[in-house]
Amino acid sequence: MKTIFYCLLLSLISVSAFAQKSDINNFIVKESLLKNSKLAIIAADSLEQPVETINGLYTFTVSGFTQPLKFNDGVAILPMQLDKSSFVYIKHQNDSGTHSKLLYIYKKDGSLNPFTINSLWLVLFPLLLIFLAFAFRKLIIIVVIILLVYIYFNHSNGLQLSTFFESIFDSLKRAF
């Protein structure tokens, strides 16, 4: 009887010892080490330090397309290549919530430089221009032209209206 009890106790202890929490609550986006115009997603902790214990398939939404990404030692490579500079919206949802980032990927001479954009700046810039237009009536035409160039730049670099609002709402959820 004691032998069975000890075997059960040992199996319960070993099962709990092998269980690990493997949620991705933060990630870093960098250029792939192969320099093949692909992006690498690196699982990270809250201090932006890579977490190398993440392995397996995780579902990410990249600019509206849902893709399962295979993580090996905390790193996954996005399968799509970038032809030119563009906006990329990456989102991952798990039990602890939605984690997303809006990035502008600047491509120059075959290398990719990702810049993380705070989504609130996407709202503050047009609001500031509208405020200036109301404050100084003579600037209305210039402000309208700047706003049209802003909208055209965002749209031509892959930031659709739905992605624009989704990134803003996700950042507001995180803020409150």
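Student: Which helix gives the most residues to the lining of the largest pocket?

Tutor: In this predicted model, the largest pocket has a volume of about 250 Å³. Its lining counts 13 residues, and those closest to the centre are Tyr150, Ile151, Asn154, Leu161 and Phe164. At least two lining residues come from each of α2 (119–135), α3 (140–156) and α4 (161–175). With five residues, the element that gives the most is α3.

Student: How many residues in the lining of the largest pocket are nonpolar, how many polar and how many charged?

Tutor: The residues closest to the centre of this pocket include Tyr150, Ile151 and Phe164. Sorted by class, the lining holds no charged residues, three polar ones and, as the nonpolar share, 10.

Student: How is the protein built up from the N terminus on, in terms of its elements?

Tutor: The secondary structure comprises four helices and eight strands. Read from the N terminus, the order of the elements is α-β-β-β-β-β-β-β-β-α-α-α.

Student: Which residues of the largest nonpolar core touch the most other members?

Tutor: In soluble globular proteins, nonpolar side chains tend to be buried together. In this model the largest nonpolar core has 20 residues. The members that touch the most others are Ile24, Ile41, Phe60, Phe71 and Ile90.

Student: Which residues does isoleucine 24 contact, leaving aside its neighbours within four places in sequence?

Tutor: Isoleucine 24 is among the members of the largest nonpolar core that touch the most other members. Beyond its neighbours within four places in sequence, isoleucine 24 is in contact with Ala43, Ile54, Tyr58, Phe60, Phe71, His92, Asn94 and His99.

Student: How many residues are in the other core, which lies apart from the largest one?

Tutor: Among the members of this other core are Tyr89, Tyr104, Leu159 and Phe164. Phe164 is also one of the residues closest to the centre of the largest pocket. The number of residues in this other core is nine.

Student: Is serine 37 buried or exposed?

Tutor: Serine 37 sits in the loop between β1 (26–31) and β2 (39–44). Its phi is positive, about 60°, although serine 37 is not a glycine. Because its relative accessible area is 12%, and the limit for this class is under 20%, serine 37 is buried.

Student: Is aspartate 73 buried or exposed?

Tutor: Aspartate 73 also has a positive phi without being a glycine, with a value near 55°. Its place is in the loop between β4 (65–71) and β5 (75–77). The relative accessibility of aspartate 73 is 52%, and the exposed class begins over 50%, so aspartate 73 counts as exposed.

Student: Which residues does serine 32 touch, not counting those up to four places away in sequence?

Tutor: Serine 32 lies in the loop between β1 and β2. At 4% relative accessibility, serine 32 counts as buried. Not counting residues up to four places away in sequence, serine 32 touches Lys38, Leu39, Ala40 and Ile77.

Student: What is the bridge partner of tyrosine 106 in β8?

Tutor: Strands β7 and β8 (residues 111–117) run antiparallel and are joined by seven bridges. Their hairpin has two residues between the strands, and aspartate 109 takes a positive phi near 55° there. Within this pairing, the partner of tyrosine 106 is asparagine 113.

Student: What distance separates the C-alpha atoms of proline 126 and tyrosine 150?

Tutor: Proline 126 is found in helix α2 and counts as buried at 15% relative accessibility. Leaving aside neighbours within four places in sequence, proline 126 is in contact with Trp121, Leu147 and Tyr150. Proline 126 and tyrosine 150 are 24 residues apart along the chain, and their C-alpha atoms are separated by 8.5 Å.

Student: Which residues does glutamate 166 contact, leaving aside its neighbours within four places in sequence?

Tutor: Glutamate 166 has its place in helix α4. With a relative accessibility of 30%, glutamate 166 counts as partly exposed. From C-alpha to C-alpha, glutamate 166 is 9.9 Å from serine 100, although the two are 66 residues apart in sequence. Leaving aside neighbours within four places in sequence, its contacts are Tyr89 and Lys91.

Definitions and conventions:
Residues are numbered from 1 along each chain as its sequence is written. This is a predicted model: local features need pLDDT of at least 70, side-chain atom pairs count only at pLDDT 80 or more; totals for chains, interfaces and linings use all residues. Side-chain values use heavy atoms; hydrogens and water are left out. Buried means under 20% relative accessible area, exposed over 50%, partly exposed in between (1.4 Å probe, protein chains only). On a 1 Å grid over the protein atoms alone, a cavity is a set of points where a 1.4 Å probe fits but cannot get out, and a pocket is an open set with protein on both sides within 12 Å along at least five of seven lines; lining residues have an atom within 4 Å of a point. Grid points are joined across faces, edges and corners, and a volume is the space filled by probe spheres set on the points. Ala, Val, Leu, Ile, Met, Phe, Trp, Tyr, Cys and Pro count as nonpolar, Asp, Glu, Lys and Arg as charged, and the others, Gly among them, as polar. A nonpolar core is a set of buried Ala, Val, Leu, Ile, Met, Phe, Trp, Tyr and Cys residues joined through side-chain atoms within 4.5 Å. Contact means heavy atoms within 4.5 Å. Two strands pair if DSSP finds at least two bridges between them.
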